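Please read the points with the sequence and the model at hand.

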Amino acid sequence: MADPFVTHGTTEAPAPVAAPGRTGRGRTGPPLAALARLAGRRALAAVPVLTVVTLGMFAVAAASPFDPVRQYIGSDGLGASQDTLDTLRERLAASGTFAEQWWAWLRSALTGDLGQSLTLRQPVTEVIAERAGWSLLLCGLAFLISLTLGTTLGVLAARRPGSVLDRCVSSLSYLLQAAPPFWLALLAIWLFALQLGVLPAGGLTDTGSDTVTAGSLLRHLTLPVAVLAVSQLPWFVLYTRQGVLDALHEDPVRGARARGIDERTVLLGHALRSGLLPVLTLIGTRVPELITGALLVETVFSWPGMASATVRAATAADFPLLAALTVISALAVLAGNLLADLLYGLADPRVDPDQM
Amino acid sequence: MTSTRPRPTDNGPRRPRDTTRRGTRTVRVWTSAALAAAAALAALLVPLLAPLDQQAVDLTAKLLAPSADHPFGTDELGRDILLRSVHGLRVSLLVGITAALVASVLGLLIGAAAGALGGRTDRLVMRAVDTFTAVPHLLMGIFIVAMFRPGIWPVIASVGLTHWVSTARIVRAEVLSLRSRPYIDAAVSGGASRLRVARRHLVPAVLPQAGLAAVLMVPHAIWHESALSFLGLGIPAHQASLGTMINGARGSLLTGEWWPTLFPGLFIVVPTLAIAGLAGAWRERINPRRRSELVL
């Protein structure tokens, strides 16, 4: 986060370059076997990470002043007997030390039972099943828009550094990077929903209607997707711009220019190939920031996704729901890191996946 | 850094724009410095300069549009938004700087230990780094704050304890690259003690990078604080913080009053850009090969 060139990938030393013998023979196809081994190694490395993450959650919860049992029964608990409370504690798996609770939770989680949400009063798996689709739709669309628009703007800006276009694009990127997504979301609501009245201010359906039609979904989707995409845009723009700028000074590009190849071919054929490599890494490693953005954007627009459920669970200290959603986020981040490595291994023949 | 490309700028020709745009850059650095100084002074001195009560409710003056009396207007309880924003900035800066300090000191110690000791310590630290990057920081912050009651200290703890990772990485990489330099070998074979090598060679080389990371951490920490407060999980609602102000303005936004939302947000954006501008200039000084980019 401190530096656009420091990625969130698990490998942070420069990825080793393939031994000369390998490249010397000339690799014909993608190194599928090596990539599969890489995926296997990453999956194994995910086990201790997830263990520590879940254990950490239970440790924090154990130090918390909130009692899940009291919270679950609320004011009904005032007249409840100790017996009832104990049975409930047993059922909520909230007895014993935090390590015992963690073990019980892990065992039932592996069988597909993530417990009961304390606030929504339904199984956590049900909550996730209802909401996962909406979150994926929102994040997926925003990500695609951000990626295409960001790389295009970045390439255009890098073509003529210092030009009016470059200055506009770069300044706008810095501005958007500094602006909190929730603030952008509120300003967008003010402009598009209240002043212009062209788009709804939030939710999934119009008031007084329960059915989700394609038309109304599209209208309700536009603002959240646009805000999330815009908040992710600066990274794609700045990475692409820097990558292509660097690539324009590399030997292949200078060689191509010296041979008199026209600028368009140089840019699209030579500079983009290596200039877009950092962007490729970004595709996987942006997952944490995408989740962060979704937490804020879904809340502002009352989007019925997993991120808004996370915030609701947090405000109510609903541990079972919050824990499950945190683990899902961690899984998504690890999958994103793997994707980044795989894409890199596929795209850059100089990298040996067995060394990553 | 996962990039395997040789950095062509290392020995390539100097880019022309580096010279042509020096003037613009100087202007940018001075503007950033002025804005950052103004924000810091305002936040420091506001209790002295404006001994007005920022909590004073005046229901006859609620939701007034910006005017000469109230340059940024008033909120739904008739409180002056300029005054409250400066107070909010004060809280945000306090939280941001403290959290950035906590994160940077942690990162410096952990990163230096990993880089200098190597071996098992290094592997352990890198696994911890993997774990802390696996959960998005805002989510980890939300989790920590949710399990405790909202307040300034849980926010500082949640930001500080989650953000040491980037500093630790930078410091570790710097120490590792230093360890392989000939002049360190020369010092060691010349009989210098470990402590002397650390004090004379490692610390002076690592501190600028760590300091830069710490400065860049401040806007980041402010961003996190305001996001947590906006979600209702940070600073309690009655206290003026930029995040709680924007959260509190959501009702009046829906009736069309834009100023209670717009201005506190600008108090996040402008100091962030100012600090980023200064940090960028600093980075160009200590690492002139790479043009600076923001930041968060």
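1. Basis. This is a predicted model, in which local features need pLDDT of at least 70 and side-chain atom pairs count only at pLDDT 80 or more, while totals for chains, interfaces and linings use all residues. Residues are numbered from 1 along each chain as its sequence is written, and chains are lettered from A and ligands numbered from 1 in the order in which they are written.

2. Overall make-up. Chain A has 15 helices and zero strands, and chain B has twelve helices and zero strands. Helices here are DSSP runs of H or I with at least four residues, strands are runs of E with at least two, and both are numbered from the N terminus. Of the 356 residues in chain A, 45% are buried; for the 296 residues of chain B the figure is 46%. A residue is buried if 20 or more other C-beta atoms lie within 10 Å of its own, exposed if 12 or fewer, and partly exposed in between, with C-beta atoms placed from the backbone.

3. Contacts along the sequence. Two residues are in contact if their C-beta atoms, placed from the backbone, lie within 7 Å. Taking contacts between residues at least 6 apart in sequence, 75% of those in chain A join residues at least 24 apart. In chain B, 68% of such contacts join residues at least 24 apart.

4. An unreviewed UniProt entry lists "transmembrane region" for residues 43–63, 134–158, 179–201, 221–239 and 321–347 of chain A. UniProt positions are given in the numbering used here, feature names are shortened, and annotations may be inferred rather than shown by experiment. In the model, residues 221–239 of chain A are 100% helix, with end C-alpha atoms 27 Å apart. Residues 321–347 of chain A are also 100% helix, and their end C-alpha atoms lie 39 Å apart.

5. For chain B, the unreviewed UniProt entry gives "transmembrane region" at several spans, among them residues 152–171 and 262–282. The chain is 95% helix over residues 152–171 of chain B, and the end C-alpha atoms are 28 Å apart. Over residues 262–282 of chain B it is 100% helix, with 30 Å between the end C-alpha atoms. UniProt also lists "domain: ABC transmembrane type-1" for residues 89–279 of chain B, again from an unreviewed entry. That span is 84% helix and 0% strand, and its end C-alpha atoms lie 20 Å apart.

6. Domains of chain A. An automatic or database domain assignment supplies the bounds: domain 1 covers 29–119 + 318–356 and domain 2 covers 136–315. Their contact takes 16 residues from domain 1 of chain A and 15 residues from domain 2 of chain A. The side belonging to domain 1 of chain A has ten nonpolar, four polar and two charged residues. Ala, Val, Leu, Ile, Met, Phe, Trp, Tyr, Cys and Pro count as nonpolar, Asp, Glu, Lys and Arg as charged, and the others, Gly among them, as polar.

7. Phe182(A) and Ala185(A) are among the buried residues of α8(A). The buried residues of α8(A) pack against helices of both chains, including α9 (214–247) of chain A and α12 (259–286) of chain B. Leaving aside neighbours within four places in sequence, the contacts of Phe182(A) include Leu296(A) and Phe230(B).

8. Arg121(A) lies in the loop between α5 (98–110) and α6 of chain A, and it is exposed because 8 other C-beta atoms lie within 10 Å. Ser302(A), likewise not a glycine, has a positive phi near 50°. Ser302(A) is partly exposed, with 14 other C-beta atoms within 10 Å.
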